[in-house]
Amino acid sequence: MNITYACLHCEQTTRAEFDENSTHLTCQHCAAERKIPEGAVTANNVSRCLACPSEELYLRKDFPQRLGVAIVVTGLAASCIPWYFHNWYGTFAILFATALIDVVLYVVMGDMLQCYRCQAQYRGVPALEQHEAFSLETHERHRQQEARLAEHRHPVKTE
Ligand SMILES: [Zn+2]
Ligand SMILES: [Zn+2]
């Protein structure tokens, strides 16, 4: 199993391997160590986030959104060429192929877990399907909690 997270010390994105015997995550850039909460990792699952205090992770496709967008943009641009030559079949063939590539990639790509709070990503977790998919409600709760904490750190002046 491995985790991709933002190091608190150097603020860079780093990746660390871990298993149920690991006690620390080590940053690849600055070697800062972060203690893994006790009982958080079992032989085939993670029960909570290892990079922040959050206990909630959600299941998502390991599909880079930017790649999906890039494919669609490329397909749209390419379909303009036959469109220009009034080749409607060519235009629709390209658009259809673009959509198909997106769907196939989406199906082929594996799953991963992501933390609601710090966006840490977990890959190679065998029992990840035991986690629930993204819930807007939980996301909103975390967002509001973050906003309250931020306000606490930098209180709004009330003069
Ligand atoms: Zn670091
Ligand atoms: Zn987290």
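Where is the place of Ala31? In this model, Ala31 sits in the loop between β3 (24–26) and β4 (33–35); strands here are DSSP runs of E with at least two residues, helices are runs of H or I with at least four, and both are numbered from the N terminus.

A note for every view: this is a predicted model, where local features need pLDDT of at least 70, side-chain atom pairs count only at pLDDT 80 or more, and totals for chains, interfaces and linings use all residues. Residues are numbered from 1 along each chain as its sequence is written, while chains are lettered from A and ligands numbered from 1 in the order in which they are written.

**View 1. Ala31 and its positive phi.** Ala31 isn't a glycine, yet its phi is about 65 degrees. Most residues other than glycine have a negative phi. Ala31 is exposed, with 11 other C-beta atoms within 10 Å (exposed is 12 or fewer, buried is 20 or more, partly exposed is in between, with C-beta atoms placed from the backbone).

**View 2. Gln119, in the loop between β6 (111–115) and β7 (121–123).** Gln119, no glycine either, has a positive phi of about 65 degrees. Gln119 is partly exposed, with 14 other C-beta atoms within 10 Å.

**View 3. Helix α1 (residues 65–84).** The 20 residues of α1 reach 29 Å from first C-alpha to last, close to the 28 Å expected (1.5 Å times one less than the number of residues). His86 follows α1, with a positive phi near 60 degrees.
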